[in-house]
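The following briefing concerns a predicted model. It is arranged by topic for use alongside the sequence and coordinates.

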Protein chains: 2
Amino acid sequence: MRLVLDAMGGDHAPAAPVEGGVLFARAHPGHQVLLVGDEAKVAPLLGRLRPPTNLQVHHASEVVEMDEHASTAFRRKRDSSLRVGFELVRDGQAEALVSAGNSGAVMAGGLLTLGRLPGVERPAIAALFPALKGGGRCLLLDAGANVDCKPSHLAQFAVMGEAYVRARMGVARPRVAVLSNGEESSKGTPLTREVSGLLRRSDLDFVGYVEGKDLFSGEVQVVVTDGFTGNVVLKTSEGVGMGVIGMLRQAIERRGGLAEKVGAMLLQPALAGLRRVVDYAEYGGAPLLGIQGVGIVAHGRSTPRALFNALGAALAMAEGGVQAELTRCIGRAAAWLPTHPKGKRATDAGVSD
Amino acid sequence: MRLVLDAMGGDHAPAAPVEGGVLFARAHPGHQVLLVGDEAKVAPLLGRLRPPTNLQVHHASEVVEMDEHASTAFRRKRDSSLRVGFELVRDGQAEALVSAGNSGAVMAGGLLTLGRLPGVERPAIAALFPALKGGGRCLLLDAGANVDCKPSHLAQFAVMGEAYVRARMGVARPRVAVLSNGEESSKGTPLTREVSGLLRRSDLDFVGYVEGKDLFSGEVQVVVTDGFTGNVVLKTSEGVGMGVIGMLRQAIERRGGLAEKVGAMLLQPALAGLRRVVDYAEYGGAPLLGIQGVGIVAHGRSTPRALFNALGAALAMAEGGVQAELTRCIGRAAAWLPTHPKGKRATDAGVSD
């Protein structure tokens with residue numbers, strides 16, 4: 001497999017992608033890493049790391065910045081690392097792309113360059129949350145691609161999310177839910193109520209509404225919502241998780257007794273483990289589900305380790321027949337799901353980070 | 001001051017309200033606590049606690065249950081503890097009400113029994129979040145009362161939230177923001193964009209969009225959103241916070257070495273402090289802003305301690321001239337804020353827990 005890694009995307013680019021790419025290439029000598037970005041910036045960093053031969057640099061002179069309008073910037077910057085990277089995938093020179101750059105632009109690029117899987121109205125960003133009891137995981141989609149969603153969009157997110165969790169995570173029969181402001185069916189918005197009506201007619205294991213806290217309960221594996229709410233939830237949970245860890249540290253330091261210092265030292269391994277679980281970047285990034293190819297959105301703050309994991313996720317998704325399963329399930333869903341194939345394109349509708 | 005405490009509201013009712021009420025009455029001999037609820041259930045519990053004379057029981061035979069439709073149940077159950085309690089406030093026999101019951105019903109009851117402050121279109125539930133760096137606080141509204149919101153509703157939430165934070169928390173010039181899926185003004189939904197337009201014309205210190213993580217950053221003091229998103233955010237952050245604490249415990253127990261056990265023991269005070277900050281119930285509940293009277297929604301899981309704190313918050317709000325300040329600010333806002341006084345009543349529009 002040949003994997004594109006956007007060398008210019010993310011807060012720590014190009015250093016973090018360069019190092020993450022080298023780590024991955026070394027660990028996977030049977031696969032290729034294509035580092036796409038400004039050769040003048042990438043080469044000096046690479047020189048010091050003595051890259052293996054299965055890592056190559058592919059030059060691209062431009063960068064889509066984090067604060068640019070996603071689809072506009074992607075369209076205008078014809079030699080951006082992101083666009084050149086996606087074109088390598090489109091032209092069959094690579095099987096997957098990973099970027100820690102502007103996630104709206106990654107989504108726009110996937111749509112514009114690779115297109116949608118047959119029958120998909122809107123691709124979604126799928127973010128994996130760790131269960132905080134037991135060892136499960138919960139996939140939230142859409143985590144930020146589509147701010148305005150119709151019921152059929154969310155129903156397709158459920159179908160794609162369920163297929164992904166089965167195919168990639170080995171859960172035989174994932175439980176699917178709609179995110180709402182309460183579990184009773186009288187709660188929710190017109191959107192959540194209509195989606196629930198659709199999903200009740202589906203062959204998915206649909207359990208109805210769940211609340212924000214249930215993302216971490218381990219009791220459901222797929223939760224759907226619009227990209228606005230999904231993004232707010234993602235960033236809220238990240239904020240709390242990282243904040244709590246910081247606060248625990250602060251409390252230890254402020255109290256400052258010898259006992260606390262010793263306690264904190266002894267707890268370092270547990271704290272590090274906690275941090276790894278809370279920081280969703282460690283999970284290997286969020287896949288775009290519904291595009292004609294494999295694209296992974298890594299966190300903007302991604303470290304080399306996080307990008308290493310994201311490449312691993314890209315590899316697994318490219319190898320594992322996930323795309324075929326998504327396509328099959330979207331096709332089957334047409335039996336109960338009315339679709340709007342002539343709907344507005346997601347890239348024009350406020351693709352978001 | 002005379003404070004109504006709903007003896008039948010919450011997961012641990014009537015035991016927790018009875019105990020919390022007794023604690024509060026003992027600590028505040030100059031004030032009155034009216035425990036409203038089923039005398040047959042309350043009296044035996046009370047007997048054992050030797051209640052002070054400034055605590056009295058006021059009988060009410062019915063209970064609005066957690067899973068009932070809020071405004072319907074409030075209307076139908078004429079002798080519910082919540083309704084009788086609000087009527088005591090309406091009739092001048094008490095100055096404030098605290099309930100850990102169905103929060104939608106508390107909102108509905110406030111609206112139906114006490115009515116709105118002059119000029120207020122929709123009251124909101126205001127939830128206080130702890131900053132996870134520094135010592136600040138951030139007020140989020142609406143935390144669940146109004147699922148469908150117009151731009152003018154959110155603008156009024158901003159006005160009321162700002163007034164509350166100034167009057168109650170002593171912040172001279174609170175910074176106000178709109179919750180969105182990114183900080184750039186190109187992000188958001190039609191609702192968030194229109195609200196931003198309104199708030200830019202206001203005399204508030206409006207900083208634009210913030211993301212979910214900024215609720216905990218200490219950099220903004222008032223964040224407005226619709227009640228659906230607000231409720232999802234509230235429950236997500238509660239889920240992460242409590243889950244992280246549980247996970248830390250689990251990690252310590254699983255590793256199980258003597259070192260970790262000693263470390264955990266030494267860290268108990270810090271962990272307890274953390275729990276107190278993360279569990280927003282400890283803050284004394286969420287005030288209803290915009291009703292003609294003081295109503296506090298306590299968490300359903302409230303302990304006696306949490307209800308003690310909620311009574312303290314009710315007392316402070318009833319004493320502190322907060323209502324007058326809210327009314328003044330809503331009046332002043334009419335200069336820049338077009339309102340829709342004939343809008344649909346919030347109680348008919350999906351009041352939520």
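**Sheets, helix packing and backbone geometry**

In chain A, five strands form an open sheet in the order β6-β7-β10-β8-β9, and their pairing is mixed. The edges of this sheet are β6 (127-130) and β9 (205-210) of chain A, each of which pairs on one side only. On average, neighbouring strands of the sheet are turned by 25 degrees against each other, direction ignored.

- Helix α6 (residues 151-169) of chain A lies across β6, β7, β8 (175-179) and β10 (222-224) of chain A. The angle between α6(A) and β10(A) is about 160 degrees.
- Helix α7 (residues 190-200) of chain A lies across β8 and β9 of chain A, and runs at about 165 degrees to β9(A).

**Seven-stranded sheet of chain B**

- In chain B, an open sheet of seven strands has the order β3-β2-β1-β4-β12-β11-β5, with mixed pairing.
- Its edge strands are β3 (55-59) and β5 (124-125) of chain B, each pairing on one side only.
- Strand β1 (residues 2-6) and strand β4 (residues 96-99) of chain B are paired in the parallel sense over three bridges.
- B:Val4 has B:Leu97 in β4(B) as its bridge partner.

**Helix α1 of chain B against α10**

- The axes of helix α1 (residues 15-27) and helix α10 (residues 304-319) of chain B come within 8 Å and cross at roughly 50 degrees. This angle makes α1(B) oblique to α10(B).
- The crossing of these two helices, α1(B) and α10(B), is right-handed.
- On the α1(B) side, the contact is made by B:Ala16, B:Pro17, B:Glu19, B:Gly20, B:Gly21, B:Leu23, B:Phe24 and B:Ala27. On the α10(B) side, B:Pro304, B:Leu307, B:Phe308, B:Leu311, B:Gly312 and B:Leu315 take part.
- By class, the contact of α1(B) with α10(B) comprises ten nonpolar, three polar and one charged residues.

**Aromatic pairs**

- Over all chains, the structure holds six aromatic pairs.
- In one pair, the rings of B:Phe24 and B:Phe308 have centres 5.7 Å apart and planes at 65 degrees, so the pair is edge-to-face.
- B:Phe24 lies in helix α1 of chain B and B:Phe308 in helix α10 of chain B, so this pair ties together parts that are 284 residues apart in sequence.

**Helix α1 of chain B against α2**

- α1(B) also packs with helix α2 (residues 39-49) of chain B, at an angle of about 40 degrees and with the axes 10 Å apart. That angle makes α1(B) oblique to α2(B).
- The crossing in which α1(B) passes α2(B) is right-handed.
- From α1(B), the residues B:Ala15, B:Val18, B:Glu19, B:Val22 and B:Arg26 meet B:Val42, B:Leu45, B:Leu46 and B:Leu49 of α2(B).
- This contact of α1(B) with α2(B) has seven nonpolar, no polar and two charged residues.

**Helices α4 and α5 of chain B**

- Helix α4 (residues 81-90) and helix α5 (residues 103-114) of chain B have axes 10 Å apart and pack at an angle of about 40 degrees.
- α4(B) passes α5(B) in a right-handed crossing.
- The contact involves B:Leu82, B:Phe86, B:Glu87, B:Val89 and B:Arg90 of α4(B), together with B:Ala105, B:Val106, B:Gly109, B:Gly110, B:Thr113 and B:Leu114 of α5(B).
- By class, six nonpolar, three polar and two charged residues make up the contact of α4(B) with α5(B).

**Backbone geometry in loops**

- Most residues other than glycine have a negative phi, and most peptide bonds are trans.
- A:Ala13 and A:Pro14 are joined by a cis peptide bond, with omega about 0 degrees. A:Pro14 is placed in the loop between β1 (2-6) and α1 (15-27) of chain A.
- A cis peptide bond also joins B:Leu141 and B:Asp142, with omega about 10 degrees. B:Asp142 is in the loop between β7 (137-141) and α6 (151-169) of chain B.
- A:Arg50, a residue other than glycine, has a positive phi, near 45 degrees. The loop that holds A:Arg50 lies between α2 (39-49) and β3 (55-59) of chain A.

How values were computed:
Residues numbered from 1 in each chain as written. Chains lettered and ligands numbered in written order. Predicted model: local features only at pLDDT ≥ 70, side-chain atom pairs only at ≥ 80, totals over all residues. Heavy atoms only, no water. Axes fitted to C-alpha atoms, helices over the stretch in contact; angles between N-to-C directions. Helix = DSSP H or I, 4+ residues; strand = E, 2+ residues; numbered from the N terminus. Parallel < 35°, antiparallel > 145°, perpendicular 65-115°, else oblique. Left-handed = near helix turned anticlockwise from the far one by under 90°. Contact = heavy atoms within 4.5 Å. Nonpolar A, V, L, I, M, F, W, Y, C, P; charged D, E, K, R; others polar. Pairing = 2+ DSSP bridges. Phe/Tyr/Trp six-rings, centres within 6.5 Å; stacked < 30°, edge-to-face > 60°.
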